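Visitor: I have some questions about the terms used for this model. Could you take me through them?

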Amino acid sequence: MTPGRALEALLCALVEPACAVCHGLNDQPLASAVCAECWQRVELFDPLAQRAADMPPLLDALVSAGPHRGTLRRLVRCLKYDRRRSVARPLARLMAEAGHALLASADVVVPVPSHWWRRFRRGFNQTEELARHLGRPWACLLRRPGARIPQVHLRGVARRSNVQGAFALDVRACQRWQRHRERPVSAHDSLLDGMRVLLVDDVATTGATLGACAEVLRAAGAISVSALTAARADLGRRPAPPQPRHQEPAVRR
Ligand SMILES: [Zn+2]
């Protein structure tokens, strides 16, 4: 038995750590806040069938790991509201499996920003936690200057109007990012001239937030803006039948 497993066995015997989703015994508390059985129960979309799903405006593609319900919905809530950062890596792994083609063609992965106050209160931005584990270059090229009503409290048209003008380019972050590019951008180019951007968010609902971000990125010169999310609310759509999960994702911190 490795020292890590021995420590986990000791923790299980002493404090009986609970899984953040099912509240049963989590026998791998050092690896993840969620037990292995819950990861096995996550429903995933068929990657090919997602192309038929209706596309929010200004996005070239939108791929989500699975439907925003059941275990996947609770996992997103664990990360977002219960501040369980250890959930981010295995969630990102599910996203990377679903969106590997988008990731391969992206020049940069950009997390959807949250207002600084919400980030401060949570201690982190959940979309950054997802982006950092996707295995591609990522940068916070957008900012959210004003606090708006959280989208989760709104529906339909109200969601779209709530995010209009909510996002802006982080010019300094873009300049820092360009210094790392192999092909320097001339003074006449836009900040994101010719770049293919992949937006990352935890949940796509109406696509209003992703569309508002895409509008800013395209205005800055991005030639392609796609999005990858952990979950997608179906809103009466039929994106794809869920697939049972057979492989347990890696759950190390
Ligand atoms: Zn569980």
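Visitor: What makes Cys19 and Cys38 buried or exposed?

Guide: Cys19 is buried, and Cys38 is too. Buried means under 20% relative accessible area, exposed over 50%, partly exposed in between (1.4 Å probe, protein chains only). This is a predicted model: local features need pLDDT of at least 70, side-chain atom pairs pLDDT 80 or more, while totals for chains, interfaces and linings use all residues. Residues are numbered from 1 along each chain as its sequence is written, and side-chain values use heavy atoms, without hydrogens and water.

Visitor: Which residues are called protein donors of the zinc ion?

Guide: Cys19, Cys22, Cys35 and Cys38, each through SG, lying 2.2 to 2.3 Å from the zinc ion. Donors are N, O and S atoms within 2.8 Å of the metal (3.2 Å for Na, K and Ca); water is not among the atoms, so sites may look incomplete. Their spacing along the chain is C-x2-C-x12-C-x2-C.

Visitor: Why is the arrangement around the zinc ion called tetrahedral?

Guide: The four donor atoms subtend angles of 105 to 113°, so the arrangement is tetrahedral. For four donors, that term requires all angles between 85 and 135 degrees.

Visitor: What is the order of the four strands in the open sheet?

Guide: The order is 1-6-5-2, with parallel pairing. Strands are DSSP runs of E, at least two residues, numbered from the N terminus. Two strands pair if DSSP finds at least two bridges between them. Strand 2 and strand 5 (residues 196-204) are joined by four bridges. Val108 has Val197 in strand 5 as its bridge partner.

Notes:
Four donors count as tetrahedral if all angles lie between 85 and 135 degrees; four count as square planar and six as octahedral if opposite donors are over 155 degrees apart and all others between 65 and 115; anything else is irregular.
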